[in-house]
Amino acid sequence: MDARFWHQRWEKNEIAFHASEANPLLLKYFKALSLAKGRRVFLPLCGKTLDISWLLSNGYRVAGAELSQIAIEQLFKELGVEPKVTELGESYHYSEKNIDIFVGDIFDLSSERLGPVDAVYDRAALVALPEDMRPRYTAHLTKIADHARQLLICYAYDQSAMDGPPFSVNNEEVKKHYRDHYDLTLLASTDVPGGLKGKCAAKENVWLLQNGSCA
């Protein structure tokens, strides 16, 4: 993950990846996680996604990890709350009622610092990382979230037709990363209307990952 690339995207406001509404796939499939109100959901590489606002408004607690401090300052401004900011070495902890965001390199985030989470919602993290980083990321995420159940959204397309991010992560790769730790269920596979970035045909796949104690 080239940190400079993402910092520059936020500094230049080149954030076409930021959706102007909560993800319809989250709204449709979140219930598959079977979470009671008040449970804590972790969003890796969260940016300032409106999915956070949707989760909070529906009674869930949110934890997130994000590289860009600009993104998180904008997030809290849009939420209309003033966070408490704590410096943690080279990273920062932004917190308010029911929300904790850790700003810095996600690989520096430990399970102790993150705290217990009941589920992971990965819409934008796995597909944001190049192929050589994804094994490290999935192993780290599984560890710090203590094998919490996951709702994972991926794109699958001909990678030779377009550069990422978002990168193509096909079904076989998902299984390779997670089958040793989870039971995997493909909840949906839909065509991306007009193609990904209008350039190439793509599928958007929604996965539910559960371990034995969550099933």
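The model is predicted, so to speak, with local features needing pLDDT of at least 70 and side-chain atom pairs counting only at pLDDT 80 or more, while totals for chains, interfaces and linings use all residues. Residues are numbered from 1 along each chain as its sequence is written, and side-chain values use heavy atoms, leaving out hydrogens and water.

**Aromatic rings**
- You'll find four aromatic pairs in the structure (Phe, Tyr or Trp six-membered ring centres within 6.5 Å; planes under 30 degrees apart are stacked, over 60 edge-to-face, the rest tilted).
- F30 and Y60 sit edge-to-face, at 4.9 Å centre to centre with 70° between the planes.
- That pair links distant parts of the chain, 30 residues apart, and both F30 and Y60 are buried.
- F76 and Y94 are stacked, because their centres are 5.9 Å apart and their planes are at 25°.
- Both F76 and Y94 are buried too.
- Ring pairs also join F30, W54 and Y60 into a cluster.

**Around E173**
- E173 has a place in helix 7, residues 171-178 (helices are DSSP runs of H or I, at least four residues, numbered from the N terminus).
- With a relative accessible area of 10%, E173 is buried.
- Setting aside neighbours within four places in sequence, E173 is in contact with R134 and S168 (heavy atoms within 4.5 Å).

Notes:
Helices (H or I, at least four residues) and strands (E, at least two) are DSSP runs, numbered from the N terminus. Buried means under 20% relative accessible area, exposed over 50%, partly exposed in between (1.4 Å probe, protein chains only).
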